[in-house]
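Work through these exercises with the model open beside you. Try each task before you read its solution.

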Amino acid sequence: MGNDINRRSTPSDTLGVGFQQMFDESPIAFYTCDAEGHIFYFNKAASNLWGRSPVIGKDKWCGSWKKFYADGTPMPLEESPMANAVKTGQAEEKTEIRIQRPDGSFRSLLAFPRPLFDSDGKLCGANNTLVDITEQQRDQVKKATLSAIVESSDDAIISKDLNGVITSWNAGAQRIFGYSEEEAIGQHITMLIPKDRLSEEDEIISNIRQGNRVDHIETVRVDKNGRQIPISVTVSPLKDASGRIVGASKVARDISDRIRADEKHARLSAIVESSGDAIISKNLEGIISSWNKGAEKIFGYTEDEVIGKSITILIPKERLDEETVILSKIRNGLALDHFETIRRHKSGREIPISITVSPIMDSKGQVIGASKVARDISFQVQANEAREKYTRNLEMLNTVGKSISENLDVQGILQRVTDATTKLSGAAFGAFFYNNVDREGNSFQLFTLSGAPREIFEQFAMPRHTEMFLPTFVEKKVVRVDDIRKHSSHGKNAPFFGMPKGHFPVVSYLAVPVISKSGGVIGGLLYGHPEPGVFTAEHELLVVNIAAQAAVSLDNSRLFEQVKSLSEKKDEFIALASHELKTPLTTIKGYLQVLAKKSQDDLSELFLKKSLNQVDKLNTLVEDLLNMSRIESGRLNFNIEVFDLKVMLGEIIETFTWSAQSHKIVSDLGNSEAIIEGDSQRIEQAILNLMTNAIKYSPKAEEVYINLEVIDDEVTVRVRDEGIGLTNEQKEQLFTRFYRAEDTKGISGLGLGLYLTKQIIDRHNGIIKVNSEYGRGSEFYFSLPLKKKKIKNAKVV
Ligand code: ADP
């Protein structure tokens, strides 16, 4: 390099050759340039610093590759410290610049450029001394970083000398222990140590003296307020430049939160362990990762048997889909609440459970698995089933009770009872044996049967003839046997022992007597099943209850049958009596009519007329009775003819106007004829009944109103009065046999008129109705079809 140096103005020019060498070899970088900035001398240290050698006479101002200000902004060549010095003719002090070498490395340096003047005092160039401060700066940065770390640390970072006197104290220490830096420095470290732990310090110091580090000991310290703080502490020896131990640095971490978390964790674990519910966790693949005692109790597997296995070992095959659904919910961060399902016990037994599955998330909120709480709900399920069964039984009892109490037909009652009880008791078959004596003298006949074909029973002896049934039918006892084959006496007797081929197989057996109010056995209900132990005490109770209800209904039904037959006898009597009365009445009437023709004096004539009137009334009554019994026995005959109802009604009104003195008949029969087809005498009888009633039941009124109108193909006749009227209740019963309202006292009648009228109108395909207001009057009206239509049920004689 020496050859390249321009000797025109080297240090030797001014200072001599000895100096030249000194500059060349100096560890301080040095170079010079002329007034135009051309570098004409640089020493080794300078080219080392720049990482290159500038070209003498060509490179200007600075020999470095790239230059930057201290803050990193690129520095143009003409702004370099050397250029400034030449420009201003002033020396510059300590200008800090950064340069980059061609190898890419950076150096920091201080430049001390000075202008050079020739002997005439004219500026002829400048020299520059460069001091490399790279290392120094690194150290500074490192220190600043370290102290920033120490200051910003959450941990307490404290140093002390070997006597235990505190020599440094960071913000973390202030936060944890409460003392400020001023308060702490110079104090003895024992101010932080509880009395009972002072010996710890001696031990720590003796370790430190030996150059050992004390790592992560967990202990307790006290803060400024005397509060104890759990900490984890690491103490390291502090050495001076020569390696001598001069103290200790101590990093203390407040572990209250961790301890609280540990305690919480311990508490939670205790809860999980002591829970009666199964608490299980699994990952997103469904692999079991935790398993508590409750899970062991419910599912039968120990923790060791299941950890690492798939949760599907608990899921019945047909429910495997559930797990896919559950996992997909969990993956989406959704929980599943109180889902009722079935899981399998280790033994294979199925257990009804209610499960709640929640996602487990990591600290970033990512789902990493699921926790599952499962509760065995067998008990609830059983209780629910029992309740439902009870409700079903009650409903069944209710329905059976209602239907048998509404029913008066024996066969119907017994069939319902047999069907319901067979179903309720779970029997394979049920039968009722009725206490009737059949032609062969057998007392108990099979009456109704449920669950088995009748032929099966018909080929065997009737139950009374067997030992087995005596207690039920004779002693009136309930017999319930779980396994008839093992029974001491019944097992050896028919129909269960040595039974003929084809006999219905019976192992479980239940028999309940049906006892009448009078105490007699109406019959017995028998149930059988080919398996043992089918009938329980509960079944027995149910059947006994239904049997009691059935007994009441059967008693009623018997009573009903008796009443029915009595009523039939009464009807027979009425028919006979009225028939017998009719003949003498006709004779009496005939004689009276003969006498009336021959009568001489007014008094006899009057008496005969009155007698004839009474005979007519009596005749009508007997006729009504006769008609009633004809209707009841279906023997009321009709003589059908075609006639004009309007003409007939006119005649009736005329007759009435002559005979009825009490009321005026007000009529409006319209203009149209009313040709109908029917029995004119019966229709007349119906109209007379209505008109007689209208007069009879309006004693205080003076008029009754008759009206006839033809609309379309129908004729309607209305008979209206302003009499005593009818209540709604009375209206409902009007047309039944022998019905008379309570307020008819003093008005004669049998209660047959309206009954007969309705029968007549009905049989002519008509309808009869009443409008009435109690105390204000009534309107009875009937409609009949005009001729074109045929008369239903009317027999032509
Ligand atoms: P009877 O008149 O012989 O009692 P009915 O069969 O003709 O028998 O009538 C039955 C009952 O209906 C009567 O007893 C009476 O209470 C009531 N009734 C019938 N017609 C009328 C009417 N026009 N007004 C009030 N009540 C009536």
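## Exercise 1: the ligand shell

Task: find how many residues surround the ligand, and which are the closest.

Solution. Step 1: count the shell. 20 residues surround the ligand, where a residue is near a molecule if one of its heavy atoms lies within 4 Å of it. Step 2: pick out the closest. They are Asn 693, Tyr 697, Asp 721, Arg 740 and Leu 754.

A word on the source: this is a predicted model, in which local features need pLDDT of at least 70, side-chain atom pairs count only at pLDDT 80 or more, and totals for chains, interfaces and linings use all residues. Residues are numbered from 1 along each chain as its sequence is written, and side-chain values use heavy atoms, with hydrogens and water left out.

Step 1: sort the shell by class. It has 10 nonpolar, seven polar and three charged residues. Here Ala, Val, Leu, Ile, Met, Phe, Trp, Tyr, Cys and Pro count as nonpolar, Asp, Glu, Lys and Arg as charged, and the others, Gly among them, as polar.

## Exercise 2: polar contacts and burial

Task: which atoms of the ligand lie 3.1 Å from a polar atom of Lys 696 and of Ala 741?

Solution. Step 1: take the side chain of Lys 696. One of its polar atoms is 3.1 Å from an oxygen atom of the ligand. Step 2: take the backbone of Ala 741. A polar atom there also lies 3.1 Å from a ligand oxygen. Step 4: check the burial. The ligand alone exposes 530 Å², and the protein buries 97% of that. These areas come from the Shrake-Rupley method with a 1.4 Å probe. Step 5: name the elements that give two or more residues to the shell: α20 (680-696), α22 (753-763) and β28 (777-785). Helices (H or I, at least four residues) and strands (E, at least two) are DSSP runs, numbered from the N terminus.

## Exercise 3: an open sheet

Task: what is the order of the five strands in the open sheet that holds β7 and β11?

Solution. Step 1: read the order. It is β8-β7-β11-β10-β9, with antiparallel pairing. Two strands pair if DSSP finds at least two bridges between them. Step 2: look at the edges. β8 (166-169) and β9 (214-222) each have a single partner strand, so one side of each has no neighbour in the sheet. Step 3: note the turn. Neighbouring strands are turned by 30° against each other on average, direction ignored. Step 4: follow β7 (residues 156-161). Six bridges join β7 to β11 (residues 245-254), and Ser 159 stands opposite Ser 249. Axes are lines fitted to C-alpha atoms, for helices over the stretch in contact, and angles run from 0 to 180 degrees between N-to-C directions.

## Exercise 4: a hairpin

Task: which residue takes a positive phi in the hairpin of β25 and β26?

Solution. Step 1: pair the strands. Eight bridges join β25 (residues 703-711) to β26 (residues 714-721), and the two run antiparallel. Step 2: find the turn. Two residues lie between the strands, and Asp 712 takes a positive phi near 55°.

Notes: A polar contact is a pair of N or O atoms within 3.5 Å; within protein, one must be able to donate a hydrogen and the other to accept it, and residues adjacent in sequence count only if both atoms are side-chain atoms.
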